[in-house]
Amino acid sequence: MAEQFNVTGMSCAACSARVERAVKKVEGVTSCAVSLLTNSMGVEGTASPEKIIAAVEKAGYGASLKTQTQANSNTNTPSQDEQALADKETPILKQRLIYSLGFLIALMYFSMGHMINLPLPEFFVNNHAAHGLAQLLLAGIIMIINQKFFISGFNSLIHLAPNMDTLVAMGSFASFAWSVYELFLITGDNVMRNLYFESAGMILTLITVGKMLEAKSKGRTTDALKGLMKLAPKNAHVILNDGQEVLMPVEKIQAGNIFVVRPGENIPVDGVIIEGTSAINEAALTGESIPVDKNVGDNISAATLNQSGFIKCKATRVGQDTTLAQVIKMVSEAAATKAPVAKIADKVCGVFVPCVIAVAFMVVLGWLLAGKNFGDALAYGIAVLVISCPCALGLATPVAIMVGNGVGAKHGILFKNAAALETTGKIQIAALDKTGTITTGQPKVTDLKANNISENELLKIAYSLENKSEHPLARAIVEKAQENKIELRDVENFKALSGNGVTGILDGQEISGGSVKFIGEKINIAPEFLNQAQNFADAGKTPLLFTQDNNLLGIIAVADVTKPESPNAIKELQNLGVQVVMLTGDNERTAKAIAKQAGVNDVVAGVLPDGKENEIKKLQADNKKVAMVGDGINDAPALTRADTGIAIGAGTDIAIDAADVVLMKSDLKDVSTAIKLSRATLKNIHQNLFWAFIYNVIGIPLAAGLWGFQLNPMFGAAAMSLSSFCVVTNALRLNLFKAD
């Protein structure tokens, strides 16, 4: 299991790459993924947190271990996770920008005002030294306001890990230093020279504009996760042992506590209803807006809304064990992982800044050799520094992954990591477990054929007999009878004969129920009923025959019925170009009958649990990407073996733990939705990477003057500011994703 850390001091993708490299060198670390977007880091291995934190600090950044505790909910203090995701950057950057703009306007007035005939104070007229000193002071103030660029940039340079701030700091400082040199020359001969103080101030201000826009957009990418964290109520009404009701902070509730929820209140923790009925809106967890009716014995989840009745519940899972907490954990950890496609950008970002600095020096040297004066040559070099943007490359993948995960969570689809979000869209074959995935997993009575008695009478006798049995097929008959409000009669001498059927005495007469083989050993079954039993079996149903005093009463057919949404869900998968295969332990005849109803063309029947894993291996031949969709313990090996394991949310914890994707709504249609979302996210990542690469490919040669055009460093800074903002904004378009 990965340890989660908060990381501070990162400003661009080069920073996150530096932290990753430093942590991966720690003995015992097997993998490390750093998210610039959420300022978080996931580390796997045996290394102690202290060694990992020390490695991060040695690299020039800060780190702290995330704790699982929540802040005191009575004070409404946000949790640590909420604090980590809070947009702390935008307010600070906004304040810096306001101050910078004020001094920049004054600086531009002194540096360029005379060019458009703006009046200068009389003291400055023809006083070039004073004019230059005013610009120096104003530019210096702007540099002090934005000192973070210089602290971070030069500190990274000292650690031999230059980042984006290094480029900005070098560009601005070079403009300032050259202008100071020129200013000394002015004081010597009182001749106005080319000063670049306005470039020094403008570069910092424009980069701050871009940083603020980027921070604001990045804040929106985590909206879904922050929204999840705010769903759970802070307090709950708990019933004490003496029957007194008290308002208690949620984190103090323990498993086994009794709590009440009134209409309009959110459920505080996971539990089971012990009194009352209600309609529960589970949209917060499943994305399904239609309320679900809940009765005594039904499970409820934290953060869902009690819409109608007063219910009394028993807490089953609290704190970090609640469904909501697990959802938040999955989405958070997914944001801190890396998709395979991100490796390209990571490799580029790792060497990007040093290469840009080298290119800038070569550009200055090249123009000097070409006969340009040092001021003009330096301007080219500065333009190269400030137009280069590693952030656009570094943000291209994580912002899309974060938004994609958030959109998935809104639809009740949880991707456990970034790799799952990427690979789901590449699925070529979907192997579906039958029971609980294509079918309901709960046998239902489908047909009744009575012999010389009414169907109600047949159901009454079968109900009275099967009521004492624990067999799933017996439960189906009991449920059918209770739905029809059939009277239950008392059966004596009840016996269950394993693998055959059941017998008992009703009103002094022996009654029996069971398979065709079992009943056929007792009486001669008329051909008409034998044929009917065979027809039921051919349709994938189990025929149960019932007798009274060796007289056939009739047949009740029971089947694990196909979910209503399964045929459409399978058709949609096929329309996406995905081959659908059904895996089941049932006999081939039953399997084919269900497959026909669901629209599945390929069936593998009679498969044992370990056989499912082997079938996945076979399907993976020729490098086919295979997904396994299941819900049971016996599906866990196959879920793990598949390229993408998809667990139906209502399944077992073991199946969910083994899967890469969890469908909270237990709806097979969400498999195709997950594939569509994955494909949309991957397409968005490719768009982001293209624009980030093309921006730098065009921008750097343009700034270097290779196309015969001299780019003002200020325009370079403006272009750099907008590049990251555009990449993040493009990723936010994923919020427009529609499932249908």
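In the hairpin of strand 5 and strand 6, five residues lie between the strands, and Gly243 takes a positive phi near 90°. The two strands, residues 235-239 and residues 245-249, pair in the antiparallel sense over five bridges. Within this pairing, Val238 stands opposite Val246 of strand 6. The model described here is predicted.

**Overall composition**

- The secondary structure of the protein comprises 27 helices and 26 strands.
- Of the 740 residues in the protein, 52% are buried.
- When contacts between residues at least 6 apart in sequence are considered, 68% join residues at least 24 apart.
- The protein exposes about 32,700 Å², and carbon and sulfur atoms supply 56% of that area.

- Four strands form an open sheet in the order 2-3-1-4, with antiparallel pairing.
- Strand 2 (29-35) and strand 4 (62-65) are the edge strands, each of which pairs on one side only.
- From one strand to the next, the twist averages 25°.
- Strand 2 and strand 3 (residues 40-45) are paired in the antiparallel sense through six bridges.
- Glu3 has Val43 in strand 3 as its bridge partner.
- Helix 2 (residues 49-58) lies across strand 1 (3-8), strand 2, strand 3 and strand 4, and runs at about 165° to strand 4.
- In a regular strand, side chains alternate between the two faces of the sheet.

**A buried position: Ile429**

- Ile429 is found in strand 15, which covers residues 429-433.
- Ile429 counts as buried because its relative accessibility is 4%, below the 20% limit for that class.
- Ile429 touches Val578, Gln579, Val581, Leu619, Lys624, Lys625, Val626 and Ala627, leaving aside residues up to four places away in sequence.
- One of these contacts, Lys625, is 196 residues away from Ile429 in sequence, yet the C-alpha atoms of the two are 6.4 Å apart in space.

**A nonpolar surface patch**

- Ile98, Tyr99, Phe103 and Ile141 form a nonpolar patch on the surface, and together they have about 360 Å² of accessible area.
- Helix 4 (residues 89-112) gives the most to this patch, contributing three residues.
- Tyr99, a member of the patch, has its place in helix 4.
- The relative accessibility of Tyr99 is 47%, so the residue counts as partly exposed.

**Salt bridges**

- The structure holds 20 salt bridges, among them the pairs described below.
- Glu282 forms a salt bridge with Lys294, and the closest N and O atoms are 3.3 Å apart. Glu282 lies in the loop between strand 9 (278-281) and helix 10 (283-286), whereas Lys294 lies in strand 10 (residues 292-294), so the pair ties together parts that are twelve residues apart in sequence. Both Glu282 and Lys294 are buried.
- Lys468 and Asp490 meet through their side chains in a salt bridge with an N to O distance of 4.0 Å. Lys468 is in the loop between helix 17 (455-466) and helix 18 (472-483), and Asp490 is in the loop between helix 18 and strand 17 (492-497), so this pair ties together parts that are 22 residues apart in sequence. Lys468 is partly exposed, at a relative accessible area of 40%, whereas Asp490 counts as exposed at 57% relative accessibility.
- Lys618 forms a salt bridge with Glu615, with 3.5 Å between the closest N and O atoms. Because the two residues are three residues apart in helix 23 (residues 609-619), Lys618 and Glu615 are separated by about one helical turn. Lys618 is exposed, with a relative accessible area of 57%, whereas Glu615 is buried, with a relative accessible area of 17%.

Methods. Residues are numbered from 1 along each chain as its sequence is written. This is a predicted model: local features need pLDDT of at least 70, side-chain atom pairs count only at pLDDT 80 or more; totals for chains, interfaces and linings use all residues. Side-chain values use heavy atoms; hydrogens and water are left out. Buried means under 20% relative accessible area, exposed over 50%, partly exposed in between (1.4 Å probe, protein chains only). Contact means heavy atoms within 4.5 Å. Accessible areas come from the Shrake-Rupley method with a 1.4 Å probe; for residues, only the protein chains shown count as cover. Patches are made of residues with over 30% relative accessible area and no salt bridge: like charges are joined within 9 Å, nonpolar side chains (Val, Leu, Ile, Met, Phe, Trp, Tyr) within 5 Å. Two strands pair if DSSP finds at least two bridges between them. Axes are lines fitted to C-alpha atoms, for helices over the stretch in contact, and angles run from 0 to 180 degrees between N-to-C directions.
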